[in-house]
Amino acid sequence: MINTIIFDLDGTLIDSLVDLANTVNVILTEKGYPTHTLDEYRYFVGNGVLKLLERALPADHQGDITAVKKRFDEIYGEICLENTKPYPGITKLINTLADQGYNLAVVTNKPQDHAVKIVKTLFPGCFKYIFGSSIRHPKKPDPCLTNLVINLFDVRKNEVVYIGDSDVDILTAKNTKVRSIGVSWGFRGRQELLENGADLVVDHANEIKEAINDWCK
C-alpha cells in the first residue's frame with residue numbers, strides 16, 4: 001500500500017529549464033563568457049546550483065563560482081516564475097492526490113528558498129514538506145532528506161514512492177530503499193531512467209496515479 005509520495009521538482013513537477021538557463025546566461029553575458037543553448041542546460045541541471053554553475057562556466061574560470069552563485073540567487077529569485085509552469089496534467093494529479101489524503105513532499109536539489117517559493121505558488125496547500133538544497137543536508141542522491149520525510153510522516157519504506165526525471169532521482173530512491181517512478185517528460189528522458197533501474201517509467205501524469213493504484217491492490 002502506497003500512502004506517501006515524494007517528488008523531485010525541476011523536470012518532474014515543473015518545467016523550469018527556460019528560467020534556469022536564462023538566469024545563468026545573463027550572468028555569463030555579464031562576465032563576457034560564452035552562453036549555452038537550452039538543450040545543453042538539460043544536462044547541466046540536476047545536481048544543485050553549484051554543479052550547474054560549474055558546468056556552465058568556462059574551465060579556466062571555475063574560481064568565479066562563489067561570486068556567480070550570489071548573482072544567481074539574486075536573478076533567479078526575481079525571475080523563477082516567469083516561464084516556469086507545471087507539466088501537463090501535473091496540477092490535476094497533485095490536487096487529486098492531496099484530496100485523497102496521500103502524504104506529499106518535495107525533495108529537490110534546488111536551493112531551499114527557491115523551491116519553497118515555487119511549490120507554494122504553483123501548488124498551494126498540497127505539500128506537507130518541501131526540502132531543497134541547504135548547507136545543513138547533503139544533496140541527492142544522498143538519502144538524507146528522503147529518509148527525513150519518511151520519518152516525519154512516520155511511514156514504512158514499502159509505503160513510499162519517489163518520483164523524478166533523472167539518474168540522480170532513481171539513485172536517490174535506490175539509496176533510500178523505496179520504489180521509484182521515472183517521468184520521461186523531464187530534462188533527461190526515458191533511456192537514462194531505464195538504464196538506472198527505475199521501477200517504472202511513465203510518459204503522462206495520469207499514469208502515476210494508475211501505477212500507485214496498481215501497487216495498492
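**Close-up views of a predicted model**

**View 1. Ser166 and its surroundings.** Setting aside neighbours within four places in sequence, Ser166 is in contact with Arg188, Glu192 and Leu193. Contact means heavy atoms within 4.5 Å. Ser166 sits in the loop between strand E6 (160-164) and helix H8 (167-176). Helices (H or I, at least four residues) and strands (E, at least two) are DSSP runs, numbered from the N terminus. Ser166 counts as buried, at 5% relative accessibility. Buried means under 20% relative accessible area, exposed over 50%, and partly exposed in between (1.4 Å probe, protein chains only).

This is a predicted model: local features need pLDDT of at least 70, side-chain atom pairs count only at pLDDT 80 or more, and totals for chains, interfaces and linings use all residues. Residues are numbered from 1 along each chain as its sequence is written, and side-chain values use heavy atoms, with hydrogens and water left out.

**View 2. Met1, before strand E1.** Met1 is found in the segment before strand E1 (4-7). Is Met1 buried or exposed? Met1 is exposed, with a relative accessible area of 59%. Leaving aside neighbours within four places in sequence, Met1 is in contact with Asn158, Glu159, Trp215 and Cys216. Glu195 lies 194 residues from Met1 in sequence and 26 Å away in space, C-alpha to C-alpha.

**View 3. The two domains.** The assignment for the protein chain gives domain 1 (2-13 + 83-213) and domain 2 (15-78). Such bounds come from an automatic or database domain assignment. The C-alpha centres of domain 1 and domain 2 are 24 Å apart. Across the boundary, 17 residues of domain 1 are in contact with 18 residues of domain 2.

**View 4. The largest nonpolar core.** This core has 54 residues, of which Ile5, Leu13 and Phe127 touch the most other members. The core draws at least three residues from each of domain 1 and domain 2. A nonpolar core is a set of buried Ala, Val, Leu, Ile, Met, Phe, Trp, Tyr and Cys residues joined through side-chain atoms within 4.5 Å. Beyond four places in sequence, the contacts of Ile5 include Leu97, Tyr102, Val161 and Ile212.

**View 5. Helices H4 and H6.** Helix H4 (residues 65-79) packs with helix H6 (residues 112-122) at an angle of about 5°, with axes 11 Å apart. Axes are lines fitted to C-alpha atoms, for helices over the stretch in contact, and angles run from 0 to 180 degrees between N-to-C directions. The contact is made by Phe72, Asp73, Tyr76 and Gly77 of H4 and His114, Lys117 and Ile118 of H6.
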